[in-house]
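Please look at the sequence and structure first, then read the points below.

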Amino acid sequence: MAMAGSAIGLGNIWRFPYIVGENGGAAFILVYVFCCLFLSVPIFLAESVIGRRSGANCRGAMEKLAPGSGWKWFGYLSVFTPMLILSYYSVIGGWSLNYLWKGMTLSFVRSGTEAVGELFGGFISSTWAPLLFHTLFLLMTLLVILGGVRSGIEKFSKLCIPLLFVLIVAIAIYSVSLPGAKTGINYLIRPDFSKLTARSCIDALGQSFYSLSLGMGIIITYSSYISKKENLFAAGLGTAVSDLMFAILAGFAIMPAVFAAGIAPGAGPGLIFETLPFIFAKMGVTMPWLSSIVAILFFLTVLFAALTSSVSLMEVGVAYLVEEKKMKRPLAALTVFAATWAVGAVCSLSFGPLSGVKIFGNDIFSAVDLFCSNVLLTVGGFLCVVFVGWKMKKEDVRDEFTNGGTKRLNGKWFPFVYFLTRYAAPIAVGIIFIANFL
Ligand code: PHE
């Protein structure tokens, strides 16, 4: 459940639908499912094997399994990446918080379907409001980290994730019943392979790493807490399948509404913040109270799904500073807070005053996001499978994967999974990564 909690987050609800929109729909989803099952699942399993075998966080795991080697850099990378991701994750977390506020103050119902689209553009291009909400979101994350209320947030996420599933199904049903939704449904189920490019493949791979929290040691850390009796294969497949299902459901909740609202599917990071309010405004014409309650529930759950992920992102840097640099926990937390706040502030301003600044043709926000998911996570994931496939002893990997030979079904699957880990995943990830730069 904790792994599913870390995996299911803004990546599924916010990022997946707009990346699908930018890459042409159904054909991209097929590539995504392929990447998820054949590349991400082996990487997930490789991370679990490293974590449970070593019983340590990423940096410590490298020291235990490959003492004194250059693999320590993989450890450092896994500390740096989550902090960079947190900085802009918090900006989107702030948007969700603001939209929760808008739901509470009935803004969607009051502005009506015509004007609701302008709410978003007006909000993100302003200077102070998004900064304020980014700060509030990061402060909430900091409070959880400082209070150490892990059991609290865990219990909450156990409640939220099923609730989120129920809500997304309800919204998807409403969304596909809207007039004009058919084009959106077709967009999701009728593949048009001419829209696929090399770029789509790296986007699909990056998205699946991002969504499963791979390539940065989070699964390594979580797996170090898993008992020796637990079935790693079942845990990995279970997490991957629920994450995948959630993303596809989010697609069906968002895309039909995108077409019904006449918004371009490739509208970028603001997609859910433009389409869901449209649904809420439309519902609000006949059922204003119901619409407001659903809007509040929806953004509240998005907020908590985001918080359970952001806490895990912040914890990595804090744990590193406490364990390796011997900092006191509050000081470590404040240090990570300050660094991520500053980078996040620049990302937030890139939708407003800094919108003219471009890095390789992208605004600052998108450049940081793409750099993290398409470069850092890909490199992290690649190193991880190389480590398990080539550096660790095959017998040790088999032993961990099959719980010392007691899980017979895992034993049957082992040759296939090991093949994926040793050859298919590193080669495919390597090719996709290099093709991205050609
Ligand atoms: N997987 C999370 C999501 O889909 C994002 C995340 C990435 C969380 C890495 C933790 C670590 O939103």
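**Aromatic pairs and buried positions**

F246 is buried, with a relative accessible area of 0%. The model is predicted, and the points below are grouped by topic.

**Aromatic pairs**
- The count of aromatic pairs comes to 35.
- One of them joins Y76 and Y320 edge-to-face, at 6.3 Å centre to centre and with 85° between the planes.
- Y76 lies in helix 5 (residues 72-104) and Y320 in helix 14, so this pair ties together parts that are 244 residues apart in sequence.
- Y76 is partly exposed, at 29% relative accessible area, whereas Y320 counts as buried at 17%.
- F165 and F246 also form an edge-to-face pair, with 4.9 Å between centres and 90° between the planes.
- F165 belongs to helix 8 (residues 150-176) and F246 to helix 12 (residues 232-261), so the pair links parts 81 residues apart in sequence.

**Charges over rings**
- R59 lies over the face of Y76, 5.1 Å from the ring centre.
- The charged end of K102 sits over the ring of F123, at 4.6 Å from its centre.

**S309 in helix 14**
- S309 is placed in helix 14 (residues 288-324) and is buried, with a relative accessible area of 5%.
- The side chain of S309 reaches the backbone oxygen of S6 at 3.2 Å, and a polar atom of that side chain lies 3.4 Å from the backbone oxygen of A305.
- Beyond its neighbours within four places in sequence, S309 is in contact with G5, S6, I8, G9 and Y89.

**Helix 9**
- The buried residues in helix 9 (residues 181-189) include A181, G184, Y187 and L188.
- These residues cover an arc of only 115° around the axis, so they lie on the same side of helix 9.
- The face turned away from the buried side of helix 9 carries the exposed residues K182 and I189.

Conventions:
Residues numbered from 1 in each chain as written. Predicted model: local features only at pLDDT ≥ 70, side-chain atom pairs only at ≥ 80, totals over all residues. Heavy atoms only, no water. Helix = DSSP H or I, 4+ residues; strand = E, 2+ residues; numbered from the N terminus. Buried < 20%, exposed > 50% of the residue type's maximum accessible area, 1.4 Å probe, protein only. Polar contact = N/O pair within 3.5 Å; in protein donor to acceptor, adjacent residues only side chain to side chain. Contact = heavy atoms within 4.5 Å. Arc of directions from axis to C-beta. Phe/Tyr/Trp six-rings, centres within 6.5 Å; stacked < 30°, edge-to-face > 60°. Lys NZ or Arg CZ within 6 Å of the ring centre and 35° of its normal.
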